[in-house]
Amino acid sequence: MNKNKPASVLVCVTDQPSCRRLILAGSRLAESYNTRVQVVSVLPEGLISEKTAGALQKLYDTSGALGAEMTVFFNNEPALTAAVHASQIDAIHLVSGAPGPESNLFIETIRQLLPELPISIVDADDRLITFPALPAAVNATLSS
C-alpha cells in the first residue's frame, strides 16, 4: 500500500441505474473502514449512447453526493481494467453486483489477480456477501 495515497473501497458499476445501490453499499463499507469510496465503471469500447450517458450521469451524481470519485474506462477487458485500477488506487476492498450470466468471470478474474483483496457482492435484495482475502499461504499455493 502506498503511504502517500489514502486507501479506498472500490465499487464496480455498469451503466445500469440500479447500480446506485452498489455505491450506497460501498459507501457504508468505506465508513466502517474509516476511508473513502471510489467508483469505477468499465464499459466495452465503443459503447456510447444517450441511455449509457444518462445512466452514468446518475451514478456520477450519486457518487459525488457521497464525496466519491467516479472513473469510467472504455475497455473490452473489464476485470483486468478494474483490477489494475484497484491496485493503482490502493483499494482495500472491492464491491460489485451479483454477476450475471454474461459476466460470471468478472469476480473470479479479479480474485485471481488480486487474491489479497476482500470482495463483497451486493445481491438483488441488497445483502452484502463478502469473500475475504485469501491467506498468504493459499496465495502462494495458487500462484505456483
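Me: How many helices and strands does the protein have?

Reply: The secondary structure comes to five helices and six strands. Here, helices (H or I, at least four residues) and strands (E, at least two) are DSSP runs, numbered from the N terminus. This is a predicted model, where local features need pLDDT of at least 70, side-chain atom pairs count only at pLDDT 80 or more, and totals for chains, interfaces and linings use all residues. Residues are numbered from 1 along each chain as its sequence is written, and side-chain values use heavy atoms, with hydrogens and water left out.

Me: What makes S4 and strand S5 (residues 119-122) a pair?

Reply: Two strands pair if DSSP finds at least two bridges between them. S4 and S5 have four bridges, in the parallel sense, so by that definition they pair. On S4's other link, four bridges join it in parallel to strand S1 (residues 8-13), with Val-11 partnered by Val-95.

Me: In what order do the strands sit in the sheet?

Reply: The order is S3-S2-S1-S4-S5-S6, in an open sheet with mixed pairing. Strand S3 (69-74) and strand S6 (128-131) stand at the edges with a single partner strand each, so one side of each has no neighbour in the sheet. S5 and S6 pair in the antiparallel sense, over four bridges, and Val-122 stands opposite Leu-128 in S6.

Me: Why is strand S4 (residues 91-97) called largely enclosed?

Reply: Buried means under 20% relative accessible area, exposed means over 50%, and partly exposed is in between (1.4 Å probe, protein chains only). Seven of the seven residues of S4 are buried, so the rest of the structure largely encloses this strand. Across the protein, buried residues make up 42% of the 144 residues.

Me: Why does Leu-47 count as partly exposed?

Reply: Leu-47 has 32% relative accessibility, so it counts as partly exposed. You'll find Leu-47 in the loop between strand S2 (36-43) and helix H2 (50-65).

Me: What makes Leu-47 part of a nonpolar patch?

Reply: Patches take residues with over 30% relative accessible area and no salt bridge; like charges are joined within 9 Å, and nonpolar side chains (Val, Leu, Ile, Met, Phe, Trp, Tyr) within 5 Å. A salt bridge is a side-chain nitrogen of Lys or Arg within 4 Å of a carboxyl oxygen of Asp or Glu. Leu-47 forms its patch with Ile-48, Val-72 and Phe-74, with about 360 Å² of accessible area together (Shrake-Rupley method, 1.4 Å probe; for residues, only the protein chains shown count as cover).
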